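User: Hi! Could you walk me through this structure?
Analyst: Happy to, let me bring it up.

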Amino acid sequence: MDLTLSVVGCGYLGATHAACMSSLGFTVIGVDTDPDKVAMLSRGELPFYEPGLDTLLAQEMKTGRLSFTTDFSAIADADVHFVCVGTPQSKDGLAADLTYVKSAVAAIAPFLKEGALVVGKSTVPVGTAQGLRSELATSAPQADLAWNPEFLREGFAVEDTLTPNRLVVGVANDRAEQILKEVYEPIIALGTPWIRADLPTAELVKVAANSFLATKISFINAMAEVCEAAGGDVTVLAKAIGYDPRIGSRFLQAGIGFGGGCLPKDIRAFMARAEELGAKQALEFLREIDAINLRARQRVIDVVRSELSEDLTQYKIAVLGATFKPDSDDVRDSPALDIAAQLQAAGATVVVHDPKGIEPARKRFPNLQYSESVPECVKAADLILHLTEWREYRELDPSVLGPLVKNKIVIDGRNALDRDKWRNAGWKFHALGRSD
Ligand code: UGA
């Protein structure tokens, strides 16, 4: 393959994209300002946990096609530059912080060769790409800019990059589309749908998709609230409505709601942008989606109090799960950790277990207690909270845990445990949205 690629920003998205593009046969140069990250990646080690990516990275480093550096001038030979930096929620409001995207494009501009294509992959407020393209027209008129949103899920990053369910490219001309078709040729050959859009539509596709997913989750959590009030069972309701293909059964898992580095901040940034554009009312519903989501965390705390006492100071609570979802070590905006921290702030002794997330969790919440083993975590606990649905928690034997705890009470915050199994072993079992 003739094209050389650069990947600017080697965090979750960038490291995945760089390794995957190398596996397609391209020469790939990853650039990042963080020397520690670059050193680790250069040794073929991943700075985070992602199933399958560690092996792929190590394998690609051996081919000699993939390299990482802090030196931005190293991108000078590349034809296509993927911008994969973060766009976190800004400190003073709902909007996205575009500092990293702007500085990444400014950092590569002096090194862009004739005909180079800059391709944004970061999730940005609509209008950002057009603005950056105009800036490049002055700072690097020899280059062009396109937008190619990314839909990968943590835990499935490699699969979602190499066999995505669609490729969306926002371009201003045919040449940019042609270059991107050349890059993604092996993926297009698998029959992957290819969608060409203008720049604003491509940016909007990403936030619309995440808003829809967030809405689906909050919808089922709203149904969970009604089920609790009315004596229904949300898991049966979800199964029943999910058989309608127009609704679909995925993303209808009721529980403590969505977290992570994407869904929460994306819906907030989308609202903020809509307001700037004079379309505030169109996205007012997302405020309710956010509120339902945060309320789910509170509902778990309410059940804990009703099971133990309003005053939690004498109680030990074992929390199973710290990450925002299983098969990830990401604890950003994790509902599980938020609940653990709130219970601790209310005076309870909280001990948290997680198969992969203890170290990242400890960095964020150094005052919580952590345990490397489930039996140790639950020892003498007054109550167990199941908050991230790791497979190993589903496989726990409640009859083995029973003798270890003080009270056999478990609250399933993810509707993922086998209720009959726990009840048959003598446990009092609660789950969100299931009144029985
Ligand atoms: C999400 C999107 O799913 C990806 O398509 C997108 O590319 C990514 O954000 C992004 O913008 O980069 P991710 O953050 O990895 O991916 O996580 P999801 O699998 O979407 O889960 C988000 C949260 O929703 C998790 O906390 C999960 O526990 C929760 N969830 C999910 C539910 O509470 N119920 C469900 O039925 C499904």
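Analyst: Below we go through the ligand site, a helix and a strand. This is a predicted model, in which local features need pLDDT of at least 70 and side-chain atom pairs count only at pLDDT 80 or more, while totals for chains, interfaces and linings use all residues. Residues are numbered from 1 along each chain as its sequence is written, and side-chain values use heavy atoms, with hydrogens and water left out.

User: Great. Which residues come nearest to the ligand?
Analyst: Leu152, Glu154, Lys206, Asn210 and Phe324 come nearest, out of 21 residues around the ligand (a residue counts as near if one of its heavy atoms lies within 4 Å).

User: And what does Lys206 do there, in terms of distance to a ligand oxygen atom?
Analyst: A polar side-chain atom of Lys206 lies 2.8 Å from an oxygen atom of the ligand. Backbone atoms take part as well: a polar one of Gln253 is 2.9 Å from a ligand oxygen, and a backbone N or O atom of Gly259 lies 3.1 Å from a ligand oxygen. A polar contact here is a pair of N or O atoms within 3.5 Å.

User: How much of the ligand's accessible area does the protein cover?
Analyst: The protein covers 90% of the 720 Å² that the ligand has on its own (Shrake-Rupley method, 1.4 Å probe).

User: Which element gives the largest share of the shell?
Analyst: That is α9, with four residues. Helices are DSSP runs of H or I with at least four residues, strands are runs of E with at least two, and both are numbered from the N terminus.

User: New topic: is strand β9 buried or exposed?
Analyst: Five of the five residues of β9 (residues 316-320) are buried, so the strand is largely enclosed by the rest of the structure. Buried means under 20% relative accessible area (1.4 Å probe, protein chains only). Lys316, Ala318 and Leu320 sit on one side, and Ile317 and Val319 on the other.

User: Which strands does β9 pair with?
Analyst: Five bridges join β9 to β10 (residues 349-353), and four join β9 to β12 (residues 383-386); both pairings run parallel. Two strands pair if DSSP finds at least two bridges between them. Lys316 has Thr349 of β10 as its bridge partner, while Val319 stands opposite Leu385 in β12.

Technical notes
Buried means under 20% relative accessible area, exposed over 50%, partly exposed in between (1.4 Å probe, protein chains only). A polar contact is a pair of N or O atoms within 3.5 Å; within protein, one must be able to donate a hydrogen and the other to accept it, and residues adjacent in sequence count only if both atoms are side-chain atoms.
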